Amino acid sequence: MSMVDPSIDKLAAMVDSKYTLVILAAKRAREITVPTENAEEKEVSTAFKEIYAEKITYERPSNI
């Protein structure tokens, strides 16, 4: 059983690396300042769910 729902493996498959996943989630978690529907849920969990629902996307610059 994973501590994160959706699991890190599912989330990592949606991005190019686990590093990208962590950066996306951290940036989004810092943006979340209003209470969510589930006040018990942490900001990072909300960010992971948004990434899984494809509400959060990223684009890798072509010069890297």
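I number residues from 1 along each chain as its sequence is written, and the side-chain values use heavy atoms, with hydrogens and water left out. In this predicted model local features need pLDDT of at least 70 and side-chain atom pairs count only at pLDDT 80 or more, while totals for chains, interfaces and linings use all residues.

I started with H2 (18–31) and H3 (residues 43–52); helices here are DSSP runs of H or I with at least four residues, numbered from the N terminus. Their axes come within 8 Å and cross at roughly 120°; axes are lines fitted to C-alpha atoms over the stretch in contact, with angles from 0 to 180 degrees between N-to-C directions. H2 and H3 are therefore oblique to each other, the class left after under 35 degrees (roughly parallel), over 145 (roughly antiparallel) and 65 to 115 (roughly perpendicular).

**Who meets whom?** I looked up which residues of H2 meet H3. Leu-21, Leu-24, Ala-25, Arg-28 and Ala-29 in H2 meet Glu-43, Val-44, Ala-47, Phe-48, Glu-50 and Ile-51 in H3, where contact means heavy atoms within 4.5 Å.

**Glu-50.** Beyond its neighbours within four places in sequence, I found Glu-50 in contact with Arg-28, Lys-55 and Ile-56.

Key. Helix = DSSP H or I, 4+ residues; strand = E, 2+ residues; numbered from the N terminus.
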